[in-house]
Amino acid sequence: MLPKVVSIAREPVMMNTMSLQDGFEIDVELSAPTVDLTPERIQFGRIFVPIWLSCRYEQGAWLRPRIQPLDAIPMHPAAVVLHYAQTIFEGVKAYKCADGSINLFRPRENARRFNRSADRMAMPAIDENIFLEGIRLLVDRQREWVPVFPGSLYRSEEHTSELQSLRHL
């Protein structure tokens, strides 16, 4: 039985309607997958959906979240993550149900763990509602990339310090 914690509506989300604070910037269209998503043939960590959600933290505030094309992350050689491993990783799974709806497995718990880790790592927490809405919007855009059960789309949320400093913070 699939967990039903958060469902994503089967009808398209109104992408031009901003639902939280200043909302999300969505500047990409996603085409249907051209790879075989049969669960038995998928190799974990080998297929990447070509869009992601990005949100920068600058001058004490999170900027507007963006859904954009997947790309490399440019980073200065003195980025704190490279010297002190100041980074957080949290995974969220999306499952496709028999009726075509998409369910996320315990995303609120993922958001809470993400922020507990941020606190431990001396990194800024992100508003839980922005985290949840961002995942919901992103997975809704990735709907065709969610394989049938028992497969799942594994979203890896990361929080990485790109601060340029070789001095321990």
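**Notes on the predicted model**

1. Y57 is partly exposed, with a relative accessible area of 38%, where buried means under 20%, exposed over 50% and partly exposed in between (1.4 Å probe, protein chains only). W62 is likewise partly exposed, at 24%. This is a predicted model, in which local features need pLDDT of at least 70 and side-chain atom pairs count only at pLDDT 80 or more, while totals for chains, interfaces and linings use all residues. Residues are numbered from 1 along each chain as its sequence is written, and side-chain values use heavy atoms, with hydrogens and water left out.

2. There are three aromatic pairs, counted when the ring centres of Phe, Tyr or Trp (its six-membered ring) lie within 6.5 Å, with planes under 30 degrees apart taken as stacked, over 60 as edge-to-face and the rest as tilted. Among them, Y57 and W62 have ring centres 5.0 Å apart and planes at 65°, so the pair is edge-to-face. The rings of F114 and F131, with centres 5.3 Å apart and planes at 50°, form a tilted pair. This pair links distant parts of the chain, 17 residues apart, with F114 in helix α2 and F131 in helix α3; helices (H or I, at least four residues) and strands (E, at least two) are DSSP runs, numbered from the N terminus. Both F114 and F131 are buried.

3. Confidence, given as pLDDT from 0 to 100 for each residue, averages 78 over the chain, and 82% of the residues score at least 70. The mean is lowest in strand β1 (residues 6-8), at 39, and highest in helix α2 (residues 107-120), at 93. Where pLDDT is low, the predicted coordinates should not be read in detail.

Note on methods: pLDDT is the predictor's confidence in each residue, from 0 to 100.
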